[in-house]
Amino acid sequence: MINRSGSQIREDFLRFFEGKGHRRVHSSSLVPVNDPTLLFTNAGMNQFKDVFLGNEKRAASSQKCVRAGGKHNDLENVGFTRRHHTFFEMLGNFSFGDYFKKDAIAYAWELLTSNHDHCFGIDPSRLYVTIFEGDAKVPRDDEAERFWIEIGVPKERIFGMSAKDNFWQMGDTGPCGPCSEIFYDMGVEAAEEAGVDKPFPLDDQRYVEIWNLVFMQFDRSSDGTLTPLPKPSIDTGMGLERIAAVLQGVLSNFETDLFTPLIKRAEELTGHKVEADSAVDDRSRASLRIIADHARAATFLISDGVNPANEGRGYVLRKILRRGIRHGRLLGQEKPFMYEMVFAVRDEMQVAYPELKETAERVSKVVLAEEEQFARVLELGSRNLNQTLEQTRIENEIQKQKLAQALEQTLTAKEIEIYKFLHEMQMKYNLQCVIKKAGIWNSHPVDFYDFSASIALLREKLPNDAPERQTLDKILRPTFDGRKAFALYETFGMPLDFMVDAARDAGIEFDQAGFDVAKEEEQQRARASWKGGSKKSAAPVYRELPKTEFEGYSTLRVDGAKVLALVKDGVGVPELKAGELGEVVLDATSFYADSGGQVGDQGWLYSGDHNLVVAEVSGATKPVQGVFAHKVRANHTIAVGDTVDTVVDGAVRAATTRNHTGTHLLHAALREVLGKHVKQAGSLNDATRLRFDFSHFTGVAEEELREVEEIVNRQVMGNTKVETLVDVPIDVAVNELGAMALFGEKYGEKVRVVKIGDFSTELCGGIHTGATGEIGVIKVVGEGSVSSGVRRVEAVSGTGALHEFRRDFEVARVVGAMVGSTVAEGVTPAEALRARIAAQEEEMKKLRRELDAVRMKAASSSLSDAGASAVEVKGVKVLAQRVDGVEKAQMRELVDSLRVKLGSGVVVLGAAVDGKVSLIVGVTKDLTSRAQAGKIAGLLATQVGGKGGGRPDLAEAGGSDVGSLDAALKSAAEVVGGLLG
């Protein structure tokens with residue numbers, strides 16, 4: 001067996017099968033182009049459209065794969081095992097109705113064991129083979145066993161396995177068949193239990209599956225019947241990373257040259273080098289492996305057009321990136337670094353994937369933007385997380401103190417149960433409790449910590465499932481409420497593992513069950529609010545209605561439509577009277593209903609004699625798929641069973657279609673200017689303007705917007721025909737016509753395709769212009785951020801664009817009048833106005849600084865005799881003052897100054913600003929072991945309707961009860977005294 005690089009293994013595999021008549025096929029994208037329901041390409045079959053159409057019989061490939069979401073999700077295992085990855089390469093050879101089991105087995109054994117060119121030369125004595133052992137429906141695969149024996153595999157090395165391991169199927173129905181797997185013995189040094197020599201197949205760590213040969217020979221019907229395929233096929237898969245570990249003689253995939261250069265680069269970027277034989281560095285070693293693996297996945301996903309987002313593929317990418325960033329932080333690197341890993345991945349993989357040479361710069365920018373965004377999330381989220389944890393500690397301390405104080409007094413009726421329980425435990429377990437039989441504490445004050453220790457002893461004697469033990473747990477150990485944690489998760493994007501680790505470090509138990517419940521409730525709410533016609537979510541009146549026949553693609557008017565139902569306030573009614581608002585469901589209509597980003601038509605319903613407008617239509621929706629509900633105001637009484645004519649407002653329809661076709665042009669132009677990673681993330685097209693949301697990692701520059709605008713208007717002026725192709729098979733639309741399918745969208749077997757020359761092809765059910773020239777002109781009027789990784793462009797067309805040009809002209813004329821006399825030669829009025837505004841902003845900043853200085857001086861003056869205002873509590877000086885009109889930053893400066901003046905003590909400053917309370921607490925270093933600023937701030941915050949926390953020497957709090965601020969400041973000394981003990 002010759003040691004060879006990962007790149008050489010990939011090339012040898014492909015050349016070997018080329019020598020066997022297979023066509024080398026380049027890896028397809030990680031984003032499946034013909035299956036919007038599949039999250040990522042996770043197997044080797046996706047790229048073989050031609051062979052399925054009969055143009056090829058044999059193929060071989062090295063396919064990029066990602067398993068990090070949905071059913072196939074290895075994310076949490078990556079880094080902590082030898083062989084789990086988010087991104088990996090699957091080497092495969094395929095036969096489509098050509099060769100079958102005999103040749104597939106012969107090819108596999110030759111490649112693995114032979115010493116011929118491009119073969120691996122593995123010792124056959126290290127290999128084991130499995131076959132399907134058979135079940136009630138399919139007999140044992142004796143045929144495969146016979147072929148293995150014929151090529152020289154000893155019978156004792158062939159093992160029958162169940163359908164779970166050795167029968168492959170695409171789904172509940174469709175192609176399926178037995179499979180045969182080849183395992184490599186890594187040696188006893190790889191054993192799951194160190195030094196324990198177990199036979200095959202009893203040790204998953206030692207015996208590693210390196211190749212799976214799938215024999216597709218049946219078609220499973222819906223009733224479970226298996227019918228032999230007329231042309232059985234072969235689909236094999238061998239993980240490049242696993243076979244590299246075998247041929248390079250290492251136990252872990254991460255020790256191969258596919259990863260070691262990336263791990264080395266991760267060490268350089270994080271500044272954390274791991275010693276090879278140090279058990280202490282196991283956690284750090286895992287973090288470096290995670291960074292290397294996730295850098296590969298992120299680089300290829302972004303290169304293939306995925307961008308970080310909050311749903312779908314983008315959400316999985318975001319999780320991968322943020323997990324890598326987090327492990328960099330665990331190694332001490334808090335600055336962006338993952339974007340640099342992109343170039344390391346490019347350098348290692350560009351020979352096999354030359355597209356990385358062109359995309360690496362863009363990918364790096366996307367990663368950097370995500371790192372910077374995540375840093376902001378962590379900064380804001382961590383602040384709130386720390387405050388919540390501090391508040392949890394404070395609330396727990398208060399709970400303990402209250403219980404201790406209650407037990408120091410004669411027990412009341414409410415507290416008698418606590419006494420009885422503790423007394424029962426004392427008698428039962430002969431513990432030395434601090435409770436007197438009479439129910440009163442002794443004459444000496446009970447030390448709180450003795451009380452806590454006694455409760456702890458009781459807890460240990462209770463059964464684990466005793467409800468009393470759970471009560472004591474809540475008292476003894478503060479718990480981070482799972483619902484509060486989920487609020488941080490949702491609001492700030494705080495990663496769950498971040499919060500769990502932070503709670504553990506703070507000595508606080510994390511309420512995982514509460515978090516899971518809150519998350520499930522939110523998911524149920526999201527599912528309930530999902531847009532689109534659904535019988536479950538629609539009002540009952542719509543559910544059993546027949547579908548409306550839509551004729552609006554070809555006409556603006558439909559005569560003789562029958563009223564099937566009338567709805568008022570969500571309830572079916574027999575009629576709508578003049579002046580009433582409601583919805584009308586017809587058996588046929590010319591009105592387009594809201595869908596695909598295009599709003600519903602407006603117009604009128606005429607009486608059956610074609611003379612009277614019985615209702616004005618303001619829009620249309622589809623409460624149930626196929627049922628059109630017209631939103632109307634009745635001019636005359638309409639009753640169920642009436643016949644009406646539907647007449648669409650042609651001017652509004654024309655303006656809407658101009659904008660809809662303009663959206664398609666805009667989408668294509670954005671992809672041309674910004675890159676093919678741009679994908680639609682939402683749109684709205686009405687008569688006034690068009691709005692288009694798309695995936696992109698940063699703002700669109702003005703010059704890029706101008707270029708986009710020029711491209712779409714060239715298409716408009718070209719007056720290209722807009723073709724609408726109907727009843728196109730989805731595979732043809734996507735694979736042959738090149739129409740984009742959006743992930744998560746549900747498409748039928750037949751779709752509508754809107755094609756604008758060679759410039760734009762999209763799946764779309766909307767209504768469009770006949771040619772681009774009908775749009776007139778498109779004017780971009782705005783660009784901005786919708787959410788992280790999603791941008792929005794707004795534009796107008798036709799007469800809307802004309803109105804926009806007129807407004808711009810008026811603005812330019814006013815600006816010219818304002819700055820005309822001062823405009824230098826070659827400077828536009830807009831540039832001159834920007835300069836003037838910038839100068840005014842600079843002047844405003846200067847005035848603000850001067851105002852802040854005056855406020856600071858006034859506040860400092862009022863606190864000049866701070867020492868005299870301080871009170872002494874148990875030998876500690878406490879100064880509490882109100883300083884309204886001072887910003888937080890200035891309050892912090894004042895606290896620092898006052899701590900210096902006091903020398904030793906506690907400073908509490910409070911202010912009311914815009915109906916909100918701000919509190920800042922400072923404790924001199926010599927006192928932080930006795931009274932911590934965070935605890936003081938938290939206790940004071942409860943009095944003003946808020947919460948707070950922070951460091952032992954400096955903390956902040958906020959609240960909404962301005963009226964209680966003075967009382968809270970007056971209680972500061974008492975609060976400090978309580979903490980001093």
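Ring pairs join F13, F16, F17, Y99, Y107 and W211 into a cluster. The model is predicted; local features require pLDDT of at least 70, side-chain atom pairs count only at pLDDT 80 or more, and totals for chains, interfaces and linings use all residues. Residues are numbered from 1 along each chain as its sequence is written, and side-chain values use heavy atoms, with hydrogens and water left out.

A pair of aromatic rings is described by the distance of the centres and the angle of the planes. Here, rings of Phe, Tyr and Trp (its six-membered ring) pair if their centres lie within 6.5 Å; planes under 30 degrees apart count as stacked, over 60 as edge-to-face and the rest as tilted. The structure holds 28 aromatic pairs. One of them is formed by F17 and W211. Their centres are 6.4 Å apart, their planes stand at 90 degrees, and the pair is edge-to-face. This pair links distant parts of the chain. F17 belongs to helix 1 (residues 6–18) and W211 to strand 10 (residues 207–220), 194 residues apart. Helices (H or I, at least four residues) and strands (E, at least two) are DSSP runs, numbered from the N terminus. F17 counts as buried because its relative accessibility is 0%. W211 is also at 0% relative accessibility and therefore counts as buried. Buried means under 20% relative accessible area, exposed over 50%, and partly exposed in between (1.4 Å probe, protein chains only).

Charged side chains also meet rings. A charge sits over a ring if NZ of Lys or CZ of Arg is within 6 Å of the ring centre and within 35 degrees of the ring normal. R157 lies over the face of Y128, 4.3 Å from the ring centre. R752 places its charged end over the ring of Y553, at 3.5 Å from the centre.

In helix 4 (residues 142–150), the buried residues include A144, E145, F147 and W148. They lie on the same side of helix 4, because they cover an arc of only 165 degrees around the axis. The arc is that of the directions from the helix axis to the C-beta atoms. Their cover includes helix 3 (101–113), strand 6 (127–132), strand 7 (158–161), strand 9 and strand 10. G152 follows helix 4 and has a positive phi, near 110 degrees.

E192 lies in the loop between strand 9 (174–185) and strand 10. At 51% relative accessibility, E192 counts as exposed. Beyond its neighbours within four places in sequence, E192 is in contact (heavy atoms within 4.5 Å) with D203, D204 and Q205. E192 and D203 are 11 residues apart in sequence and 6.3 Å apart in space, C-alpha to C-alpha.
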